[in-house]
Amino acid sequence: MSSATTSSSSPQKWELLGAICLERTPIIVPPMTEIEQQISEMIEKFDNMRSLKSNHELRHEEDKKLQKMAADGNQDDSNPDAATRQTAQDFEDACNEEFLKFKPAPRTTAEDLSGDQKSTNRKLDKHLLFVVQEKEKKVWKLPESRWREGETLRETAERALREYVKTPDTSVRVLGNAPWGVHTIKYPSSVRQKLGFTGVKVFFFKAQLLSSCTTCSDIEYNWLGREELRNSLEPEYLRSVSKFLIDED
Amino acid sequence: MVDFFQILGRLIRTVGVAHTELVNVMFSRGLRSNFPAEPEYLDIQGPQVPLYEPLNVQIKSYDYTVLETFSSYIHKTAENLEIEVEDCWATPCQKYKIQTFKPFSTQVDNQYNLNLYERNVQVVDLPTTKAPLFFHVIQAALPEGVRMNVKLHDDTDELLRYVPDLELTQLKSELDALGGPSKSKR
């Protein structure tokens, strides 16, 4: 497979690699920024001012009226079980009590605090990207493998995934048959003549992790957030990859 | 001219489409039947990329304020990606009554009434090249407490929208009991 001719007379040959960009999608919603907090409070205030009385509030007023009538001495004999009925205030107190008893799960996990970059159980409100370290040159990159004749690039990417991750255990959803991004490396002219290729093109396919991940043994891997990605990946590679990643603070 | 107003009306009925957005949509989609400057033969070959059948993006939540804003977000995202949104409807909510019991007895401890609200956004003629992008963007923007499900449109989904007319079904069953409608010709 060769690309179109440019200024040179002979067609350029590129090495093709398919890479898989496996992401663990966020589990919880990120906390509101200050402006978002202020706006949501203001909207709540407006809604409260503009709203009509709810059933609960009407019941509360009725109870107050009954209490006042009982206090003044005008007993309402036609409603004998009014006294045993749970008042709105009691109901509210019981609800509040139950709410206080409920403890939601913590937003920061143990792996967050320890900084264990191999686990997917950290940074629950952010995307985590699966990066592996190449054995020879110790370069961090997304799992990739060379394209073979007769297979689609998506199959190449899935094969790359299988080399690093045990696929029956790990379920993954690949998004689409078309690559999401490309990274080109042009070889210097000396290397070009030696290898016969103008350079390398890596095509990225996005995938989402659906279950927990079991990686194959003896590979160096990390699940990195966006900032850690900036520190680990090479600048040019990072630029190609971040073009198709969802923006995050 | 009549077609123009019909399409305009259909777009206005859908959720969350501002007037300026309407105008942009009309011109960007280039409705060839209404703008004869573009000749018809350009469309003869058909779509270059395979298109999906009508898909329903179904979102459910217990909190309908968040749900409604999110359904309008989906609509706007689709419009911005030049994806045609056919319809955007709300299914009647499912009411759940949850009772917790006191331990080792059948005495009711607490009772909760929950309503599960649902909104559906139907997209048609979605090119297969745009689909992963669209769903990825929407999934990234999912708010708290909202469950999203994308599925092919089913006729049963249409039937769920209609509230059954109890009086009518009762009269019909009474008629059946009495021996069916009279077969005499008038």
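Reader: What makes Ser145(A) count as being in contact with Leu16(A) or Glu163(A)?

Author: Contact means heavy atoms within 4.5 Å. By that rule, and setting aside neighbours within four places in sequence, Ser145(A) is in contact with Leu16(A), Leu17(A), Gly18(A), Thr156(A), Arg159(A), Ala160(A) and Glu163(A). Keep in mind that this is a predicted model, where local features need pLDDT of at least 70 and side-chain atom pairs count only at pLDDT 80 or more, while totals for chains, interfaces and linings use all residues. Residues are numbered from 1 along each chain as its sequence is written, chains are lettered from A and ligands numbered from 1 in the order in which they are written, and side-chain values use heavy atoms, with hydrogens and water left out.

Reader: Why is Ser145(A) called buried?

Author: Buried means under 20% relative accessible area, exposed over 50%, and partly exposed in between (1.4 Å probe, protein chains only). Ser145(A) comes out at 6%, so buried is the label. The residue lies in strand E4 (residues 144-146) of chain A; strands (E, at least two residues) and helices (H or I, at least four) are DSSP runs, numbered from the N terminus.

Reader: What does the side chain of Ser145(A) reach, and at what distance?

Author: The backbone oxygen of Thr156(A), at 3.2 Å. A polar contact is a pair of N or O atoms within 3.5 Å; within protein, one must be able to donate a hydrogen and the other to accept it, and residues adjacent in sequence count only if both atoms are side-chain atoms.

Reader: Which label, buried or exposed, goes with Arg239(A), and what is its salt-bridge partner?

Author: Exposed, at 52% relative accessibility. Its partner is Glu236(A), 3.5 Å away from N to O. They are three residues apart in helix H8 of chain A, so about one helical turn separates them. Another pair is Glu61(A) with Lys53(A), whose closest N and O atoms are also 3.5 Å apart. There, Glu61(A) is partly exposed at 37%, whereas Lys53(A) is exposed at 52%. Over all chains the count comes to 17 salt bridges.

Reader: How do you know that Glu228(A) is buried, and what does its side chain meet?

Author: Its relative accessible area is 16%, so the residue lands in the buried class. The side chain of Glu228(A) makes a polar contact with that of Arg122(A) at 2.5 Å. Arg122(A), Lys123(A) and Glu228(A) are linked in a network of salt bridges. Glu228(A) itself lies in helix H7 (residues 226-232) of chain A.

Reader: What makes something a nonpolar core, and which residues have the most contacts inside the largest?

Author: A core is a set of buried Ala, Val, Leu, Ile, Met, Phe, Trp, Tyr and Cys residues joined through side-chain atoms within 4.5 Å. The largest has 21 residues, with Leu142(A), Phe204(A), Leu229(A) and Val241(A) making the most contacts inside it. Strands E1 (14-24), E2 (128-133) and E7 (199-209) and helix H8 (235-242) of chain A each supply at least two of its residues. Apart from this core lies another, of 20 residues, including Leu16(A) and Trp147(A).

Reader: How large is the area that chain B and chain A bury between them?

Author: About 800 Å², with 61% of it on carbon and sulfur atoms. Buried area is the accessible area (1.4 Å probe) that two parts lose on being put together, summed over both. Pro132(B), His136(B) and Gln139(B) supply 57% of what chain B buries there, more than any other three residues. Each chain puts ten residues into the contact.

Conventions. Salt bridge = Lys/Arg side-chain N within 4 Å of Asp/Glu carboxyl O.
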